[in-house]
Amino acid sequence: MERRVICRSMAGLALSLGIVVGSTLLPLHAIGNDHESEGVKADVGRIYELQAAFHRAKSTQDIDLMMSLWAEDASLTIVGDPNSPYVGLDQLKAFLLTTGSFVHPRFSLVPSFKIQIDVHGDEAFLYFECHDIGDFDLPTRYIASDTYVGGTVRKVNGKWLFWNVTSGKALPLSVNHYYFP
């Protein structure tokens, strides 16, 4: 499966997107300027916003925001958890409220250079990592968890949502190792 790694940087209000295939950086204009590629670029930006909202929800313990990011029939498989997959919004919410950032205040960091997005119509592969800092506002701060999230996101009524996702430990921590698929 070919994956595109998308790098995003913000300078003021300017949004700059580029596509990385393997380890070769391709400027955005290198993928073409036709209507289809313009749509893909817009979708990639919206998927970036989806993962950013995911980390905002975790860091602010906003379960309503978190649940708004999932399709009604979404599933979340946690590697090593015999109770997963969690299917549907009710099961997802019940699980999330008992774990991680929704139990312990944490600041969720993401190595943006490892985000992978590969859009195919109204579905896309998405991979990112979450490195959560406990006691983030204290001198005693520490790394509370390192996890990955990977799987399928879907566009539902024009909005990108998590749909069929797997999560697990991102160990050992690595600059160039991807833990899924």
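User: How do you know what share of the contacts in the chain between residues at least 6 apart in sequence join residues at least 24 apart?
Analyst: Contact means heavy atoms within 4.5 Å. Among contacts in the chain between residues at least 6 apart in sequence, 53% join residues at least 24 apart. Keep in mind that this is a predicted model, where local features need pLDDT of at least 70, side-chain atom pairs count only at pLDDT 80 or more, and totals for chains, interfaces and linings use all residues. Residues are numbered from 1 along each chain as its sequence is written, and side-chain values use heavy atoms, with hydrogens and water left out.

User: What makes up the pattern along the chain?
Analyst: Helices (H or I, at least four residues) and strands (E, at least two) are DSSP runs, numbered from the N terminus. The chain has three helices and ten strands, and reading along the sequence gives β-β-β-α-α-β-β-α-β-β-β-β-β.

User: Why is Q61 called partly exposed?
Analyst: Buried means under 20% relative accessible area, exposed means over 50%, and partly exposed is in between (1.4 Å probe, protein chains only). Q61 has a relative accessible area of 34%, so it counts as partly exposed. Q61 sits in the loop between helix 1 and helix 2, and has a positive phi of about 55° although it is not a glycine.

User: And what makes D135 partly exposed?
Analyst: D135 comes out at 31% relative accessibility, so it counts as partly exposed too. You'll find D135 in the loop between strand 8 and strand 9, and its phi is positive, about 50°, although D135 is not a glycine.

User: How do you know that the buried residues of helix 3 line one face?
Analyst: Those buried residues are G88, L92, F95 and L96. Seen down the axis of helix 3, they fall within an arc of 95° (taken from the directions from the helix axis to the C-beta atoms), so they line one face of the helix. Their cover includes helix 2, strand 4 and strand 5.
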